[in-house]
Amino acid sequence: MSEELEAFKNRLQTLRRKYPAYSHFFDFYAGVILTRRGFEKSPRVKAPAIEKQMLDLMIKEGFPLLSPDNFSLDVNQAQELFFRLCKSLKEVPETKAKAERIESYFKDHREDLAQVFKHFLEKKYSTPDALDEHLLHFILFHSLKPSLRACAEALAPLLKQVSWNKGYCPICGHYPHIAALRENGKRFLKCSFCEYEWQIERVFCPFCGQRDHKKLKYLEAEGEEGYRVYLCEACKSYLKTIDERLLPDVADLELEDIATIHLDILAEKEGYKKII
């Protein structure tokens, strides 16, 4: 077992003990992430080559490097992971029957999966009537996640010396789903699509660009040191933030996102919305 996977499992057990009421969320979401991260076959992808002149122009004009449908995919790896995720979700009572139907359908239409992945990224996929759309899209997305992440990692060196003061991902253009505070109070946003992380200024709403500190505030639940929800009065959005200086055993921001569902509820009750 890799150190990264072991750290994830240890943190998962800590959070399970801390939030026993969320056991069904951990069974579902953390189970999927664990299946994905523990999958033994790594994706083989080749990021598109981008000439320096074009890179400089894209950065200057604020264009992300790739559109979602231009990501390099390891379709064979994604197909294998797809069925592994179906198997995992059959073990969760709430999704057992739906996952069985999805698995059965694509075992009979295995040759269609490559096109399904492509159409899904292009937002042109129409779910067969017999299948649950939400669960199928969830499985498709997590089947592709390793390829998306590997492609982002391959492009990351191009951005090493780049200052990207935008709220959307410099690689794919998606908004962040969570943020982290790290050494010296530096703030990092994590892309909801390709998982790329980029540093951004502290007083800044990534969704509307608001920088007026009077319109930006935060809330936190009592006894939840290390967790905050940053709120923007201008666009009424919110973004959960993990202070890793106070939570040194954080292993995966996705996992922390699951463990803080109560903060989503708190923010939404206050009239704020999550943008991804």
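Which residues does C194 touch, not counting residues up to four places away in sequence? I looked, and C194 touches F71, L148, R149, A152, C169, I171 and C172 (contact means heavy atoms within 4.5 Å).

A note on what I am reading: this is a predicted model, where local features need pLDDT of at least 70, side-chain atom pairs count only at pLDDT 80 or more, and totals for chains, interfaces and linings use all residues. Residues are numbered from 1 along each chain as its sequence is written, and side-chain values use heavy atoms, with hydrogens and water left out.

**Cores.** I next looked up the nonpolar cores, meaning sets of buried Ala, Val, Leu, Ile, Met, Phe, Trp, Tyr and Cys residues joined through side-chain atoms within 4.5 Å. Buried is under 20% relative accessible area, exposed over 50%, and partly exposed in between (1.4 Å probe, protein chains only). The largest core has 58 residues, and F82, F106 and C194 have the most contacts inside it. Helix α7 gives the most to this core, with 11 residues. Helices (H or I, at least four residues) and strands (E, at least two) are DSSP runs, numbered from the N terminus. A second, separate core has 26 residues, including F26 and L255.

**Salt bridges.** I counted a side-chain nitrogen of Lys or Arg within 4 Å of a carboxyl oxygen of Asp or Glu, and the whole structure holds 31. In one of them, R37 pairs with E195, their closest N and O atoms 3.4 Å apart. R37 sits in helix α2 and E195 in the loop between β2 and β3, 158 residues apart. I noted that E195 is buried at 8% relative accessible area, whereas R37 is partly exposed at 21%.
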